[in-house]
Amino acid sequence: RPPRSTLFPYTTLFRSAGVTALAMHPTGKLCFSAGKDKKLITWNLVKARPAFITNIKGIAEFLSVSPDGSRYAVGVHRRVDIYSIESAGIEYTIDLKVRPNCLVFLDSDTVCVGGESPEAQLHSLIEKKLLKTWQAHTTRIRVMQLLSPTVLVTASSCDTAIKLWRIDSDRLSEVALVGSVETQCRITCLTAWYPELRNAGGKKRDKRSEEHTSELQSP
């Protein structure tokens with residue numbers, strides 16, 4: 001195994017303060033990092049060096065990349081900036097009035113965002129407008145995860161609940177609560193895995209695993 005300085009040759013050169021957020025590009029060839037130095041670095045993982053350095057005028061709370069890799073979101077203070085990778089500029093800003101905590105892309109053109117408020121918001125990046133809001137928790141929304149394009153998981157560090165929502169990216173349909181569970185603990189992070197991720201890389205399906213998965217599917 002190479003020494004630490006060989007594995008991370010640019011860490012001390014380009015980052016002068018602690019890292020607050022990381023996100024991977026779907027291709028696996030790019031990585032985004034933000035830190036307390038108020039800089040956003042786009043890393044070229046093939047060449048192991050920074051590709052772009054952007055001043056974001058704030059400390060990033062989170063980073064999130066769209067499924068097609070054409071956009072990425074940066075949560076800063078009381079707003080969320082959506083960047084275009086092609087132009088390297090901000091194409092849409094969400095003014096939350098509160099600190100943003102989490103964001104997920106329902107698809108490449110629609111985002112759902114939550115923060116230090118009970119309400120979650122759904123925004124269209126094509127129309128550049130708010131589509132709908134709903135009260136997801138009693139005080140704040142700490143984390144979000146997407147299980148499918150229409151199933152969203154949210155959790156709060158105050159009301160100790162994990163909730164499952166049925167959501168569509170149109171303006172008319174209401175967001176429906178599918179189920180919830182009380183954890184009796186303060187939730188600060190959450191991640192999700194489902195069997196379809198096993199085949200996301202295009203590998204040959206295993207019939208035995210498919211049979212096993214079908215037996216475990218929830219009604």
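Residues are numbered from 1 along each chain as its sequence is written. Since this is a prediction, local features need pLDDT of at least 70 and side-chain atom pairs count only at pLDDT 80 or more, while totals for chains, interfaces and linings use all residues; side-chain values rest on heavy atoms, with hydrogens and water left out.

The protein has 3 helices and 16 strands, taken as DSSP runs (helices are H or I of at least four residues, strands E of at least two) and numbered from the N terminus. Of its 219 residues, 38% are buried, where buried means under 20% relative accessible area, exposed over 50% and partly exposed in between (1.4 Å probe, protein chains only).

On the aromatic side, the structure holds 3 aromatic pairs. Rings of Phe, Tyr and Trp (its six-membered ring) pair if their centres lie within 6.5 Å; planes under 30 degrees apart count as stacked, over 60 as edge-to-face and the rest as tilted. One of the pairs is Y72 with Y83, stacked at 5.0 Å centre to centre with 5° between the planes. Y72 sits in strand β6 (residues 71–76) and Y83 in strand β7 (residues 79–84), so this pair ties together parts that are 11 residues apart in sequence.

Turning to the cysteines, a search of the whole structure gives 0 disulfides, a disulfide being a pair of cysteine sulfur atoms within 2.5 Å. The closest cysteine sulfur to that of C112 belongs to C102 and is 7.9 Å away, too far for a bond. C112 is buried at 0% relative accessible area, whereas C185 is partly exposed at 38% relative accessibility.

Finally, four strands make an open sheet in the order β13-β14-β15-β16, with antiparallel pairing; two strands pair if DSSP finds at least two bridges between them. At the edges are β13 (143–148) and β16 (176–182), each pairing on one side only. Strand β15 (residues 161–166) runs antiparallel to β16 over 6 bridges, and K163 stands opposite S180 in β16.
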